[in-house]
Amino acid sequence: MKKFLLLILLSRISFCLFAQNVEKLGNTYELDYYCRMNEICPSDLYVDEVNNYLYSKTDTGYIQKTLDLTNNLSLIEKKDYTAKTFTETFIQLNQYSFHFSGMALEIKKNGNPIGGCKVENGICFILKKDNGYIIYYVNEKGIPGAIDTEGKIYSNKESIDYLRVYDPEKFAHSSKRAVELGLKAKFDLCEVLVWGDTYYSTEKMILKYWRQYRDEYLYINANDTIQYDLQGNGYQTGIYTDSEYSKIVIVSPEGKRLIPPIMIHEYSSILKKTLETNSYGISTSWYVGFGGNIYYYIAGEDYTEVFRIRRTWGNPDFYAMAINGYTEDEYGKYVDEVLPKMSKADLRLLRNTIFALYGVHFKSEDLSKYFDKQVWYTDEGKTSGQVVLPEHRQQLVEMIQKLEK
């Protein structure tokens with residue numbers, strides 16, 4: 001039975017792609033653009049998707065602003081933080097934060113720096129390790145490396161060896177995938193990073209590799225940050241005054257753009273004004289959630305616009321669906337189509353994913369094993385009865401329960 005359930009969890013279901021709606025969450029005067037000593041602020045972005053809080057640095061890393069995305073971008077008082085590196089984005093997991101750009105990564109624990117390293121095109125993915133985490137990346141030659149939350153830096157062989165032990169089944173799948181990609185020899189020598197279906201490398205090397213099959217320019221900017229969701233889809237953005245490059249691209253593990261580029265300048269009053277006046281007084285940052293939701297802001301000299309694009313592309317992502325819940329809008333139409341096509345096993349997993357967001361403890365062995373592997377999950381010993389869900393997630397739970405009967 002467990003083996004059967006695992007096969008269901010790993011199975012792929014084909015769904016229609018929906019139009020990507022860029023939602024403007026609002027304007028805020030708490031963030032605005034300025035340049036000091038060649039550093040542009042605000043400088044980075046992180047979104048706590050469970051509570052819908054947006055975090056950004058506003059003064060070269062020393063002042064943090066936290067906005068409530070569900071309450072007209074109102075300001076929330078939160079503890080300040082500092083990062084040595086001038087990063088584009090960061091990820092918060094329990095007491096750890098990972099600040100990274102296309103060139104550097106810094107790890108902090110409870111606000112204190114504990115290690116860092118040079119990376120190429122940002123980080124690839126994060127896994128659990130002991131009571132902390134291990135972060136994977138590649139260097140300028142595409143050779144994998146890793147650093148853990150104790151500050152230990154791993155060689156390419158040590159990095160791959162940890163993957164082999166961490167998840168033997170996924171490692172075996174990755175080895176087969178390397179054969180499909182023609183990268184098996186380098187994979188065996190620990191010279192390439194293949195995890196799941198995704199070949200992680202530098203933007204230049206990915207472009208060179210996939211050009212064997214097509215001429216399309218997959219990403220936008222060499223040496224710029226690529227962010228990934230948990231399915232291994234890669235995201236890159238360029239937000240400039242030149243409309244040619246003001247877009248977001250999403251690249252699947254198969255080396256194809258999942259959807260046409262999202263032309264983000266079409267939604268921003270600040271960018272439109274910048275184009276019209278040929279001025280450059282803007283600052284931007286962006287963040288991709290674990291499930292693939294995209295968040296970004298355009299900061300002008302007077303105010304800042306905040307946007308969100310909810311995940312509706314590729315294979316349905318249970319984390320993203322749990323985060324987004326059910327809403328009476330275009331995203332709701334996506335959920336209405338996806339749910340009836342799911343197996344009962346998938347519906348059960350999705351329903352429990354919603355409660356896993358809040359640290360619920362799972363007694364079922366299969367659920368416990370599955371969620372313990374999810375980097376975003378922390379077992380806080382709660383029961384589902386102790387969790388009060390917001391309306392949009394509660395509505396999704398009720399819809400799932402009806403389909404499960």
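Start with the open sheet: four strands sit in the order β8-β9-β10-β11, and their pairing is antiparallel. A strand here is a DSSP run of E with at least two residues, numbered from the N terminus along with the helices (H or I, at least four residues). Two strands count as paired if DSSP finds at least two bridges between them.

Before you click on, note that this is a predicted model: local features need pLDDT of at least 70, side-chain atom pairs count only at pLDDT 80 or more, and totals for chains, interfaces and linings use all residues. Residues are numbered from 1 along each chain as its sequence is written, and side-chain values use heavy atoms, with hydrogens and water left out.

Stop 1: Which residue of β9 stands opposite isoleucine 91? Look for phenylalanine 98. Threonine 89, meanwhile, has phenylalanine 100 of β9 opposite it. The two strands form a hairpin with two residues between them, and asparagine 94 in that turn has a positive phi of about 55°.

**Stop 2: inside β9.** Stay on β9 and show its side chains. In a regular strand, side chains alternate between the two faces of the sheet. Are the faces of β9 covered or open? Both are covered: Tyr96, Phe98 and Phe100 on one side, Ser97 and His99 on the other, all buried. Buried means under 20% relative accessible area, exposed means over 50%, and partly exposed lies in between (1.4 Å probe, protein chains only).

**Stop 3: on to β10.** Select 104-109 and you have β10, joined to β9 by antiparallel pairing over five bridges. Histidine 99 stands opposite glutamate 106 in β10. This is a hairpin too, with three residues between β9 and β10.

Stop 4: Jump to 283-288, strand β22, where five of the six residues are buried. Serine 283 stands opposite alanine 299 in β23. Five residues lie between the two strands of this hairpin, and glycine 292 in the turn has a positive phi of about 110°.
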